Amino acid sequence: MGLELPKYPEMEEDNFVNFTDSEIVSHVKDALTSVLSGDSNSYNQLVAVMHHSKRLAPDEVALLETTLKALGGAVSCIDTTLHDSLLSAIFSMSMWNYGPHVADALAELIVSLAISNGKYLDLCLGMLVSNFTPPPYFLDKLKLPRGLERKGQVLSLVHAAFKKISDYIPLAPLRLSNIVLQGMPTIYHKDRAIVIYVENMLKLESGEIGELVGSTMLMAVVDQLIELDLEIGWDAILQDDFSKGIFEMELEDVDEVEESAEQDTGEFRLSRKSLAGNSIAELLDNLLVLTFEHLESCERAGRLAKVFETLLQSFQITVMSAYKSKFTQFVMFYACALDPDYCGMRFATMLADLFVQDSHPQPIRMSAVAYLASYLSRAKFLSASLISSMLKRLVDWCLEYGKTPDGDINPNAHRVFYSGCQAIMYVLCFRMKVFMDVPRLKMQLLMPMEQILKHKLNPLKVCLPSVVEEFLRQSKAACLFTVSKTFVFDGLLESELSRAFGGLERLDTFFPFDPCLLKRCDSFIRPMFVFWSMVKPTYDDAYDDDNDDGSSDDELIQDFVNENEDIMDDGVARSFDEQGLDLDEFDCALKKMSITPKNGFSYKFGGGFQEPTRMPCRIRPSTSPESL
């Protein structure tokens, strides 16, 4: 053999395999204790066995495995001062370099050291954490089946060792959490190393000691995501004026349009092409997919609701405090999509609570309502009942705010009010048809909008004009009301007033759940996402029965009817009877735009219901707000 155990008179190389385990342990102990007498020869040979730097021959593999096992039985003789070189050699070993037998023996030795003496605990945990990622030379092998097999073997040993140590040392998980966080790779490490490291963090979260370290691991992963997110500048995403084309841009059409040499890139606010080749964006994409897959496993295990509470906490601490996060928030979106009944409702409720409570800072409240509006508009999995209940909270709050004495237009002083108004209008741009086709929803939500929009704070002049224009366009086509004033925006899609209420953060232009530009991430989000092309606005003649494409609007309407079929008739009747209104007077707003009502009526903005005027309901409004 090239390297040998210490040669005792009775232990020659040729008959080494004939010794029992207890005899080998005894010889290793003698080598360790010999240092005290000044004879380091046997000890040095023992250390040398740990320092193989070349490919091992079969007999060398056997020697290393046997030595590691013997050391595991002699840990009581190891001293941090006398045997520093041995400990250094052990803790620098990588399980990735050895086959399963040697790696297993090494893991058992680390466990034995950790539980034998508290002085070794951090060193042992640190060594195990260092095995989260393979040596650089091994990264390319992860693409091969044998590399993946080795990865599974090593990580199983590492996490099993964590559990064994924690069983003996209750405080070990706390120490482990700190070591894992301190050892996280920076965003400038090789991307595959970061992905594997995060994979191990998520494995800890769902593993046997997850109760003790899970929330810390999950929150640290979100912190890593947001760090990468912030490295991607908005300049790498936005094209031309970023307030243009809010409703026109569709990610699902971008790839097709980009192939055309005649396309005008200025027409699009976002572009996936701008992120092509961006290593940070690709890394973030991979980590988000890894997180999505982890959430799927949590959902299958029946523990998603518990994990979601940690995500909510992390979202409030990390994501909402970041400047206009671009992609990290889709972790929340996907978790909600996996469990709409609990997670989906819980997220919306939390955002609404943050908005309506005066105790929170203004930027947090504005950010919360921006998230809520984008979420209610884009989440395909939300029920009409949930959307209506959240909108009602916003409408009620805005109505109550309108009672404040200071009622002059002041974008800075009334930032939260304007953000609430814009959120309502933005959601209705996506969902108005749902509310127009369900009379009870129309009565409860759309009609009170008059008091908000006619208020002297004049949100229609302050909110983002592109949102206001689309909202007014749909409102007019739906015969919801007619506007008694002319709103002139001089062809601009933003104004000094909207800039003022949006502040330096430009929260007036923040739509956090706009289409996701990360390619792999988008494949998860797309089935649960409402694109603008899927929306049937009230001015679109295309939603006739013969052109039904199964849009999300139709599904929402049917869902609402199914959920409320026992109370719909009585509820609607009471709503009309209590107000002394004739049901026929609402035909214009309730029927599809291709149908002329029995008794046409007009609803004058700020003027209430007027006598029937026989006005036709089929209106094809101009896209210009001046026509309103």
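His 101 is exposed (over 50% relative accessible area, where under 20% is buried and in between is partly exposed, with a 1.4 Å probe and protein chains only), because its relative accessible area is 57%. This is a predicted model, in which local features need pLDDT of at least 70 and side-chain atom pairs count only at pLDDT 80 or more, while totals for chains, interfaces and linings use all residues. Residues are numbered from 1 along each chain as its sequence is written, and side-chain values use heavy atoms, with hydrogens and water left out.

**Overall composition**

- The chain comprises 27 helices and two strands; helices (H or I, at least four residues) and strands (E, at least two) are DSSP runs numbered from the N terminus.
- Of the 628 residues in the chain, 54% are buried.
- Among contacts (heavy atoms within 4.5 Å) with a separation of 6 or more, 76% join residues 24 or more positions apart.

- The expected span is 1.5 Å times one less than the number of residues.
- The buried residues of α7 are Gly 147, Lys 151, Val 154, Leu 155, Leu 157, Val 158, His 159, Ala 161, Phe 162, Ile 165 and Ser 166.
- An α-helix has 3.6 residues a turn, so residues three or four places apart point the same way.
- The cover over the buried residues of α7 includes α5 (100–116), α6 (121–130), α8 (172–182) and α9 (191–206).

**Packing of α7 with α9**

- The axes of α7 and α9 cross at roughly 45° and come within 11 Å. This angle makes α7 oblique to α9. Axes are lines fitted to C-alpha atoms, for helices over the stretch in contact, and angles run from 0 to 180 degrees between N-to-C directions. Angles under 35 degrees count as roughly parallel, over 145 as roughly antiparallel, 65 to 115 as roughly perpendicular and the rest as oblique.
- The crossing of α7 and α9 is right-handed; a crossing has this hand if the near helix is turned clockwise from the far one by less than a right angle, and is left-handed if anticlockwise.
- On the α7 side, Lys 151, Leu 155, His 159 and Phe 162 take part, and they meet Glu 199, Asn 200, Lys 203 and Leu 204 of α9.
- The contact of α7 with α9 has three nonpolar, two polar and three charged residues. In this classification Ala, Val, Leu, Ile, Met, Phe, Trp, Tyr, Cys and Pro are nonpolar, Asp, Glu, Lys and Arg are charged, and the others, Gly among them, are polar.

**Packing of α9 with α12**

- Helix α12 (residues 279–300) packs with α9 at an angle of about 20°, the axes being 10 Å apart. That angle makes α9 roughly parallel to α12.
- The α9 and α12 crossing is right-handed.
- From α9, Asp 191, Ile 194, Val 195, Val 198, Glu 199, Leu 202, Glu 205 and Ser 206 meet Leu 283, Asn 286, Leu 287, Leu 290, Thr 291, His 294 and Cys 298 of α12.
- This contact of α9 with α12 comprises eight nonpolar, four polar and three charged residues.

**Packing of α4 with α5**

- Helix α4 (residues 84–91) packs with α5 at about 130°, with 11 Å between the axes. The angle makes α4 oblique to α5.
- The crossing of α4 past α5 is left-handed.
- Leu 87, Ile 90 and Phe 91 of α4 make the contact with Leu 106, Leu 109, Ile 110 and Leu 113 of α5.
- The residues of the α4 contact with α5 are seven nonpolar, no polar and no charged.

**Helix α17**

- Helix α17 (residues 384–401) has 18 residues and reaches 25 Å from its first C-alpha to its last, close to the 26 Å expected at 1.5 Å a residue.
- Buried residues in α17 include Leu 386, Ile 387, Met 390, Leu 391, Leu 394 and Trp 397.

**Individual residues**

- His 101 lies in helix α5, and its C-alpha is 8.9 Å from that of Val 61, 40 residues away in sequence.
- Gln 357 sits in the loop between α15 (340–356) and α16 (362–378). Gln 357 counts as partly exposed because its relative accessibility is 35%.
- The C-alpha atoms of Gln 357 and Trp 397 are separated by 9.9 Å, although the two are 40 residues apart along the chain.
- Asn 458, in the loop between α20 (449–453) and α21 (459–462), has a positive phi of about 50° although it is not a glycine. At 10% relative accessibility, Asn 458 counts as buried.
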